[in-house]
Amino acid sequence: MDFLIFQVPMLTLQAVLDGLLLGILFALIAYGMALQWGVMNIINIAQGDLVILGGYIAYFMYLYGIHPAWGVIVSPIIMYFVGVIIYKLVINKVVDRDLFISILATFGISILFMQLMNFAFGADVVLANSGYGTTMLFDNSVTLPNSKIFSAFISIVFAIGLVIYMKKSKLGRAIRATAQNARAAKILGVDTEKVYAATFGINAALCGVAGALISITFTIHPYMGLPYTIRSFMIVIVAGLGNLPGVAMSGMGLGVFEEFADYILGTEFRIGSVFLLLVLILVYRRFKLSRKREYLK
Amino acid sequence: MNKNIILYGAILIFGIAAPFIFPAFKVQLSILCILIILAITWNVQGGEMGYNTFGNILFYGLGMYLCASVQVGMFFPLGEWTEGGGEKTFVHTPAQFFQGFAVGLAVAAVVPAIIAGLIGYSILGLRGHYFAICTLGLGVAAGEISGGIEIIGAGQGFTTPPFPNVDRLEARGEFFYFCSFIVLVLTFLAVKAIYSTRFKLVLNAIRDNEDKAEAMGIQTMKYKIIGWMISAFFCGLAGGIMGGLVGYIDSTDVAFDGREMGVFMVLMAILGGKGTLWGPVIGATLFHIFKEGFWTFFLGWQYVALGVLIVVIVIYFPEGIMGWLREKYPERFGEVVDEADRKAQVTLK
């Protein structure tokens with residue numbers, strides 16, 4: 001192995017740190033996906049596009065002179081309502097249908113969002129400059145932008161806040177009850193329609209937070225949504241539904257994998273390697289389960 | 001039976017005469033043929049077998065690259081052809097062009113089918129939405145990876161050999177139209193023949209309940225792989241012709257275009273009616289007319305319209321046109337209807 005990255009330990013450390021900080025963001029998006037997958041049994045292909053839309057909200061605040069970090073507060077509020085509107089218009093008609101129908105319907109939403117964002121915000125790659133500066137470690141050989149540390153911190157805060165909310169609040173209990181058995185919950189007086197709308201809204205809000213953070217730390221572009229969907233799907237199938245520590249771990253693992261793929265294979269293969277990893281993970285799971293004569297359900 | 005022969009004859013004659021009746025629409029008609037082929041092949045996989053895939057675009061793009069690469073590589077060094085910047089000094093003579101295209105098409109059909117057979121055992125073990133997402137990943141990964149491979153043009157694309165200079169100006173359009181039309185007829189006949197065998201029943205059994213099919217002693221995996229290989233074979237052919245027709249291959253915008261072609265084939269089959277022979281044909285034709293109209297008059301809004309169309313079709317029209325007709329006129333589809341029973345069902349609803 002004559003790759004530069006393994007010869008210079010600082011470079012390896014850099015990649016690992018970058019990957020971990022990036023992975024926490026992925027885990028936040030995946031958490032939203034796991035939530036609505038578990039509760040409503042819907043795979044949302046438009047997840048990544050919701051993330052990008054949330055990013056554009058923060059970017060516009062930056063354009064109008066407000067510090068983009070406030071996007072972390074504003075973006076989820078707006079995105080919550082976007083999520084509820086999407087639910088009312090489309091998702092509530094596909095909730096109890098075949099999963100492929102929901103995949104296709106959200107694929108349609110994804111295409112729609114991509115193009116509307118392209119019209120509204122232009123096809124340029126943009127980022128919101130937070131002006132947070134950089135932290136240098138080990139004689140300036142490892143650089144960590146403070147915005148990345150900030151985004152990881154905010155993601156953790158939101159994730160923990162949501163866990164507590166799901167455990168303690170009335171709506172959180174209703175959501176968990178619906179996830180366990182929607183019919184029983186309905187009999188016991190839970191308005192499942194409202195719970196579904198709220199779940200989709202919370203998912204969109206989480207995407208909004210993640211998007212705002214991504215617009216600060218990385219770049220956003222109207223067509224960049226699908227890789228985020230695939231990443232969160234991958235994290236969820238590795239971790240399993242309702243396994244929050246697992247989601248965090250596999251999110252960070254994916255982040256580190258991506259940084260290494262970036263260094264070793266080159267940036268042009270980065271997205272490709274993510275999608276290939278998805279295929280490999282699914283195939284691995286399939287062979288593992290087929291020994292017990294079972295299949296992924 | 002007689003009625004059918006007249007119908008098929010009329011369609012065949014129309015297909016042969018079409019480029020001469022509408023000389024301005026030759027390219028559009030060729031694309032229509034390609035779209036119908038794609039819809040039919042998707043239907044073998046998604047409609048009859050019940051394995052809804054987004055990944056048949058993989059075979060389509062593969063066929064496109066293979067056909068063009070073989071056509072160039074048979075006579076000239078491929079690396080120099082795709083090298084950017086310089087003037088293209090290589091010119092195919094007519095004989096070289098047609099020979100290359102024929103061999104290229106053969107390769108473009110066979111290799112994707114072999115690849116489908118090789119990866120089939122791993123991928124087809126997944127079911128339902130896992131299969132759908134996995135194939136979606138395959139298609140996008142293929143696009144991203146082929147965009148990084150130098151010898152087939154990487155990010156800057158691959159110009160397929162220009163049509164050789166023969167005396168007639170119309171020759172290019174007619175050549176590609178008849179290529180695609182002949183492949184369409186072959187695909188249709190092959191699929192029709194397959195649909196009248198036990199093989200189709202096995203595929204339907206897999207769609208309806210795979211576990212039970214397996215319990216009945218059917219080797220489901222074997223049939224699934226064969227079904228996917230058939231699908232890949234014709235997908236590759238369609239891709240090869242489309243590459244020559246478009247004249248330029250880009251990894252993510254033309255070949256592995258999951259956002260357009262990959263979704264189109266699913267949409268066309270669903271619009272026409274999954275699991276029927278004629279559904280994909282009707283769906284693809286209607287879709288192409290709609291698409292061309294929209295693309296021409298509302299340029300820029302086409303993806304918005306596409307997104308809305310997908311959502312509307314999927315939510316309000318999942319049975320498709322053939323499904324709707326079947327519900328309305330079950331007698332025409334050879335179903336025996338008991339009038340009293342039907343009335344009772346209607347009142348129940």
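**Close-up views of a predicted two-chain model**

View 1. B:Val27 lies in helix H2 of chain B, in a model that is predicted. With 15 C-beta neighbours inside 10 Å, B:Val27 counts as partly exposed. Leaving aside residues up to four places away in sequence, B:Val27 touches B:Gly173 and B:Leu245. B:Ile5 is 22 residues from B:Val27 in sequence, and the two are 28 Å apart in space, C-alpha to C-alpha.

**View 2. Packing of helices H2 and H13 of chain B.** Two packed helices are described by the angle between their axes and the distance between the axes. In this view, helix H2 (residues 26-48) of chain B packs with helix H13 (residues 279-297) of chain B at an angle of about 140°, and their axes are 8 Å apart. This angle makes H2(B) oblique to H13(B). Their crossing is right-handed. On the H2(B) side, the contact is made by B:Gln28, B:Leu32, B:Leu35, B:Ile36, B:Ala39, B:Ile40 and B:Asn43. H13(B) contributes B:Gly279, B:Pro280, B:Val281, B:Gly283, B:Ala284, B:Thr285, B:His288 and B:Glu292. By residue class, the contact of H2(B) with H13(B) divides into eight nonpolar, six polar and one charged.

**View 3. The buried face of helix H8 of chain B.** Helix H8 (residues 198-208) of chain B has B:Val202, B:Leu203 and B:Ile206 as its buried residues. Seen down the axis of H8(B), these buried residues fall within an arc of 100°, so they line one face of the helix. An α-helix has 3.6 residues a turn, so residues three or four places apart point the same way. On the other side of H8(B), B:Arg198 and B:Asp208 are exposed. The partners against which the buried residues of H8(B) pack are H2, helix H9 (210-215) and helix H10 (220-246) of chain B.

**View 4. The side of chain B that touches chain A.** Contact between the chains involves 33 residues of chain B and 35 residues of chain A. On chain B, the elements that give two or more residues to this side are helix H5 (94-123), helix H6 (128-146), helix H12 (258-272) and helix H14 (302-316). H6(B) gives the most, with twelve residues. The residues on the side of chain B that touches chain A divide into 21 nonpolar, nine polar and three charged.

**View 5. Packing of helices H2 and H9 of chain A.** Helix H2 (residues 9-40) of chain A and helix H9 (residues 192-217) of chain A pack at an angle of about 170°, with 9 Å between their axes. H2(A) and H9(A) are therefore roughly antiparallel to each other. H2(A) brings A:Leu25, A:Leu28, A:Ile29, A:Tyr31, A:Gly32, A:Leu35, A:Gln36, A:Val39 and A:Met40 to the contact. Residues of H9(A) in the contact include A:Tyr196, A:Phe200, A:Asn203, A:Cys207, A:Ala210 and A:Ile214. The contact of H2(A) with H9(A) divides into 16 nonpolar, four polar and no charged residues.

**View 6. A:Asn41 and A:Gln47 of chain A.** A:Asn41 has its place in the loop between H2 and helix H3 (47-63) of chain A. Most residues other than glycine have a negative phi. Phi of A:Asn41, however, is near 55°, a positive value in a residue other than glycine. With 16 other C-beta atoms within 10 Å, A:Asn41 is partly exposed. A:Gln47 is found in helix H3 of chain A and is buried, with 29 other C-beta atoms within 10 Å. Not counting residues up to four places away in sequence, A:Gln47 touches A:Ile29, A:Met33, A:Cys207, A:Tyr228, A:Thr229 and A:Ser232. A separation of 7.4 Å lies between the C-alpha atoms of A:Gln47 and A:Gly225, which are 178 residues apart along the chain.

**View 7. Packing of helices H6 and H7 of chain A.** Helix H6 (residues 146-168) of chain A packs with helix H7 (residues 170-180) of chain A at an angle of about 80°, their axes being 5 Å apart. H6(A) and H7(A) are therefore roughly perpendicular to each other. A:Tyr165, A:Met166, A:Lys167 and A:Lys168 of H6(A) make the contact with A:Gly172, A:Ile175 and A:Arg176 of H7(A). These residues divide into three nonpolar, one polar and three charged.

Key
Residues are numbered from 1 along each chain as its sequence is written. Chains are lettered from A and ligands numbered from 1 in the order in which they are written. This is a predicted model: local features need pLDDT of at least 70, side-chain atom pairs count only at pLDDT 80 or more; totals for chains, interfaces and linings use all residues. Axes are lines fitted to C-alpha atoms, for helices over the stretch in contact, and angles run from 0 to 180 degrees between N-to-C directions. Helices (H or I, at least four residues) and strands (E, at least two) are DSSP runs, numbered from the N terminus. Angles under 35 degrees count as roughly parallel, over 145 as roughly antiparallel, 65 to 115 as roughly perpendicular and the rest as oblique. A crossing is left-handed if the near helix is turned anticlockwise from the far one by less than a right angle, and right-handed if clockwise. Two residues are in contact if their C-beta atoms, placed from the backbone, lie within 7 Å. Ala, Val, Leu, Ile, Met, Phe, Trp, Tyr, Cys and Pro count as nonpolar, Asp, Glu, Lys and Arg as charged, and the others, Gly among them, as polar. A residue is buried if 20 or more other C-beta atoms lie within 10 Å of its own, exposed if 12 or fewer, and partly exposed in between; C-beta atoms are placed from the backbone. The arc is that of the directions from the helix axis to the C-beta atoms.
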